[in-house]
Amino acid sequence: MAAAATGVRVFVDKQSPEAYQALTATAEAVRGVAAAAGLDRPLVELVNIRVSQLNACAYCLNLHTRAALRAGETTQRLGVLPAWRDTQLFTARERAALALAEATTHPADARAQESAYAEARAVLSDDEMSAVIWVAITINAFNRVSVMSKHPVRAAAVPPPSSV
């Protein structure tokens with residue numbers, strides 16, 4: 001029986017592995033571009049998480065939140081990331097990258113795009129701007145793969161309660 005008839009989503013990454021492998025190769029190249037531009041892992045993960053929040057991609061949020069924590073990001077900053085404009089917890093560089101990532105995710109908002117680009121221009125180098133845009137483009141693509149496939153988020157192993 002066809003997937004449509006059963007209501008089960010097609011995991012497009014599994015159904016078309018050649019296309020998914022190309023996307024994965026793009027992500028590897030973008031990681032290299034980001035590193036060469038001097039973007040540290042926590043900043044890249046902030047961009048991945050913020051874009052995934054905008055796209056409501058639970059799978060990527062789960063994956064990149066764990067990666068951000070491993071890279072040294074704090075739970076406080078991750079907790080307030082949806083309201084990053086309303087806190088002083090993020091540097092000017094991080095704020096510029098987040099604004100640029102949001103503009104890349106919602107390119108039809110020309111006013112926000114121009115504002116974000118101007119803000120980024122004042123803080124980021126050309127290489128950094130290009131890297132942030134590529135990171136945002138790439139995570140947007142992965143978000144769409146996961147959202148359209150409805151990739152499940154599995155419960156993490158919960159440590160036993162402390163005896164305190």
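How many helices and how many strands does the secondary structure of the chain come to? This is a predicted model, and its chain comes to nine helices and zero strands.

**Fold and dimensions**
- The C-alpha trace spans about 55 × 50 × 30 Å along the principal axes of the chain.

**Packing and contacts**
- The chain has 164 residues, and 36% of them are buried.
- If you take the contacts between residues at least 6 apart in sequence, 69% of them join residues at least 24 apart.

**Surface and charge**
- The chain has an accessible surface of about 9500 Å², and carbon and sulfur atoms account for 59% of that surface.
- On the charged side chains, the count is 16 positive and 15 negative.

**A nonpolar patch to look for**
- Tyr-59, Leu-63 and Val-153 together make a nonpolar surface patch of about 230 Å².
- To find Tyr-59 in the structure, go to helix H5, which covers residues 58–70.
- Tyr-59 has a relative accessible area of 35%, so this residue is partly exposed.
- Patch residues need over 30% relative accessible area, and Tyr-59 has 35%.

Technical notes
Residues are numbered from 1 along each chain as its sequence is written. This is a predicted model: local features need pLDDT of at least 70, side-chain atom pairs count only at pLDDT 80 or more; totals for chains, interfaces and linings use all residues. Side-chain values use heavy atoms; hydrogens and water are left out. Patches are made of residues with over 30% relative accessible area and no salt bridge: like charges are joined within 9 Å, nonpolar side chains (Val, Leu, Ile, Met, Phe, Trp, Tyr) within 5 Å. Accessible areas come from the Shrake-Rupley method with a 1.4 Å probe; for residues, only the protein chains shown count as cover. A salt bridge is a side-chain nitrogen of Lys or Arg within 4 Å of a carboxyl oxygen of Asp or Glu. Helices (H or I, at least four residues) and strands (E, at least two) are DSSP runs, numbered from the N terminus. Buried means under 20% relative accessible area, exposed over 50%, partly exposed in between (1.4 Å probe, protein chains only). Contact means heavy atoms within 4.5 Å. Lys and Arg count as positive and Asp and Glu as negative; His and the chain ends are not counted. The place of a charge is taken as NZ of Lys, CZ of Arg, CG of Asp or CD of Glu.
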